[in-house]
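Subject: Structure handover

Dear colleague,

Here is the structure for your files. My notes on it come after it.

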Amino acid sequence: MHKSEKERVIAELTERLRTSPTLIVADYRGLTMPEIDGLRGELLKHGARFSVVKNTLTRRAAEAAGADAVLTMLEGPTAIAFLESEGDPVAVAKALSDAVRTTKILVIRGGVLDGKTITADDVDNLAKLPPLDQLRGQVLGAITSPLTTIIGLFSAPLQNLIGLIDARIEQLQAQGDTSAAEPEPEPEPEPEPEPSAHEHKEPEAEAEPEPEAEAEAQTGEETTTTEEPQED
């Protein structure tokens, strides 16, 4: 390789190392060219470029790009899967892990995920995750579901609000939680204390008639009494 060609390769590798926040480094020693081409085509489907590089050139590029994590992985024949901006790191890790199992030759050394160094075990764990689109949907659903409910409660008319509350109560009942549907029992009134043996009530004395009332009564009796006429 001529010097100008080497400088071009180093410059290209340097740019990729600077602009690729996610990459996976593997040892391809023992793979045939058809196997490498097949793996390269599979990774390209998921937004990654699989490059077989010379360690001498990659070291110079890594030093120029400040990619110290990659420098520690450059031992033996090296291939790097550079993820593009729209690449799926889960799918790329899965494709590489499948190649490890099928070829029994490819060895994953580690990589960088969003700027953080990861090990070969981390790549294997990454490959076991659901696809990126499914993960995004799960996270988005977990975040937006409560917000949508809250916005609906505040923006709905009163009758819709009542319907939402009733539906929520039915949902809780179906899940076995009836705390929202059943009101808390009211506390029973405490019994009044009974009077003790020493405390008894004296019977109230009847009110004495007032003197004026008695006088009126006597006057009424006198007026009703008449003298019988005497016979001649």
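This is a predicted model: local features need pLDDT of at least 70, side-chain atom pairs count only at pLDDT 80 or more; totals for chains, interfaces and linings use all residues.

Residues are numbered from 1 along each chain as its sequence is written, and side-chain values use heavy atoms, with hydrogens and water left out.

Overall make-up

The protein chain has nine helices and five strands; helices (H or I, at least four residues) and strands (E, at least two) are DSSP runs, numbered from the N terminus. Read from the N terminus, the order is α-β-α-β-α-α-β-α-β-β-α-α-α-α. Of its 232 residues, 25% count as buried. Buried means under 20% relative accessible area, exposed over 50%, and partly exposed in between (1.4 Å probe, protein chains only). Of the contacts (heavy atoms within 4.5 Å) between residues at least 6 apart in sequence, 76% join residues at least 24 apart.

The sheet

The five strands make an open sheet with antiparallel pairing, in the order E2-E3-E1-E4-E5. Two strands pair if DSSP finds at least two bridges between them. E2 (48-53) and E5 (116-119) are the edge strands, each with a single partner, so one side of each has no neighbour in the sheet. On average, neighbouring strands are turned by 20° against each other, direction ignored. Axes here are lines fitted to C-alpha atoms, for helices over the stretch in contact, and angles run from 0 to 180 degrees between N-to-C directions.

Strand E3 (78-83) pairs with E2 in the antiparallel sense over six bridges, and alanine 48 has leucine 83 in E3 as its bridge partner. Six of the six residues of E3 are buried, so the strand is largely enclosed by the rest of the structure. Thr78, Ile80 and Phe82 point one way from E3, whereas Ala79, Ala81 and Leu83 point the other way. In a regular strand the side chains alternate between the two faces of the sheet.

E4 (residues 107-113) and E5 run antiparallel and are joined by four bridges. Valine 112 has threonine 117 in E5 as its bridge partner. In the loop between E4 and E5 sits aspartate 114, which has a positive phi of about 50° although it is not a glycine. Aspartate 114 is exposed, with a relative accessible area of 59%.

Helix H2 (residues 33-45) lies across E2 and E3, and runs at about 150° to E2.

Which residues of helix H3 (residues 55-65) are buried? They are Asn55, Leu57, Thr58, Ala61 and Ala62. Seen down the axis of H3, these fall within an arc of 155°, so they line one face of the helix; the arc is that of the directions from the helix axis to the C-beta atoms. Helix H1 (3-19), E2, helix H4 (68-71) and E3 are among the elements covering the buried residues of H3. Thr56 and Glu63 are exposed, on the face of H3 turned away from its buried side. Just after H3, glycine 66 takes a positive phi of about 75°.

Helices H5 and H6

H5 (residues 89-103) and H6 (residues 120-127) pack at an angle of about 110°, with their axes 7 Å apart. The two are therefore roughly perpendicular to each other; angles of 65 to 115 degrees count as such, under 35 as roughly parallel, over 145 as roughly antiparallel, and the rest as oblique. On the H5 side, Pro89, Val90, Ala93, Lys94 and Ser97 meet Val123, Asp124, Leu126 and Ala127 in H6. By class, this contact has six nonpolar, one polar and two charged residues. Ala, Val, Leu, Ile, Met, Phe, Trp, Tyr, Cys and Pro count as nonpolar, Asp, Glu, Lys and Arg as charged, and the others, Gly among them, as polar.

Valine 90, in helix H5, is buried with a relative accessible area of 3%. Valine 90 is 40 residues from proline 130 in sequence, and the two are 7.5 Å apart in space, C-alpha to C-alpha. Lysine 104 lies in the loop between H5 and E4 and counts as exposed at 70% relative accessibility. Phi of lysine 104 is near 60°, a positive value in a residue other than glycine.

Regards
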